[in-house]
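Please read the following report alongside the predicted model.

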Amino acid sequence: MQYSIGLEEKNLPLFDILTLKCSKFIPKGIHWSISESEDEPAQLCLLEAYPSDKEENDETCTKAVSDVIISIMAEELAESMIIRLINKKYPTLEPMDKARIFCYVWCWIKKNQNWTHSLDGCIADGLVSGQLILDGVLRFRMKEQISCWDGYVESAYNTIIVENEYQEFIKILQYFVNMQSPQIDEVHVNVQRGGKYILLDKDLTQLDNEIALALEAENEGSMNDEDILISSLITIAPGKIIIHGAENAKNPQILDTIKKVFNERVLTLDK
């Protein structure tokens, strides 16, 4: 059986991809060969596949070719489409941030491969006609899926914006810490059951945290315990911070923030 398989996308080497996928998905009982047309405006390859022994038949050939095409569309072509969506929506974004968006989106797609089941009908129709333009099938028969990917791209963009803002926040806090001399050599952060934070000195005596009281009064109770903790530590800028009961923290991210801001000054004790 002969199948004409095309690709409008010039950046993907169709012949090489087809060869690789056929080697992987077509069983030994089926003979296959690929020839490439150089005269077409789109990339076009002729894939021939037919049984070479009695254990295989035309239906087996069609199933094997279908697996080849589904794999191309679910991997190489999907990757190319995601990159195109990212470049279209965020053309001025830094390459590193584009790469981060792609990684987020690709992880989400790989976790949900159910969409590939809807390719079966599209590919079956193309194999019956003997010709498939792969990116055309994806664009015109999978519009709903592409719209879903577009939503993934936007969600990933929002995620990295939050991450970038968090990293800038960390840098600012590090600057304030490094600009001042420690007011106390050692502070113990005791995270109690229920998530309340208590600051202790090196003798494990509770500190009179006037800073926390002042912050609470100034903000009329609008600051939560995590905000008060980080603000107190930034102001005190201790030479060493020892964290006890980290497993009790309601919001573990605040402890991660402390570690990132104070770096090697922080020691977390196990249970």
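## Strand pairing

Strand β2 (residues 30-37) runs antiparallel to β3, to which it is joined by eight bridges, and within this pairing I34 has L47 as its bridge partner. Strand β3 (residues 43-51) also pairs in the antiparallel sense with strand β1 (residues 2-7), over six bridges, and there Y3 stands opposite L47.

When neighbours within four places in sequence are left aside, the contacts of I101 are I86, Y90, L93, V153, A156, Y157 and I160.

## Salt bridges

The count of salt bridges comes to nine. In one of them K21 pairs with E76, with the closest N and O atoms 3.4 Å apart; because K21 lies in helix α1 (residues 14-25) and E76 in helix α2, the pair ties together parts that are 55 residues apart in sequence. Both K21 and E76 are buried.

D150 forms a salt bridge with K89, the closest N and O atoms being 3.5 Å apart, and since D150 belongs to helix α6 (residues 143-178) and K89 to helix α2, this pair ties together parts 61 residues apart in sequence. D150 is partly exposed, at a relative accessible area of 24%, and K89 is partly exposed at 30%. Salt bridges with shared partners also join K21, E75 and E76 into one network.

Terms used. Residues are numbered from 1 along each chain as its sequence is written. This is a predicted model: local features need pLDDT of at least 70, side-chain atom pairs count only at pLDDT 80 or more; totals for chains, interfaces and linings use all residues. Side-chain values use heavy atoms; hydrogens and water are left out. Two strands pair if DSSP finds at least two bridges between them. Helices (H or I, at least four residues) and strands (E, at least two) are DSSP runs, numbered from the N terminus. Contact means heavy atoms within 4.5 Å. A salt bridge is a side-chain nitrogen of Lys or Arg within 4 Å of a carboxyl oxygen of Asp or Glu. Buried means under 20% relative accessible area, exposed over 50%, partly exposed in between (1.4 Å probe, protein chains only).
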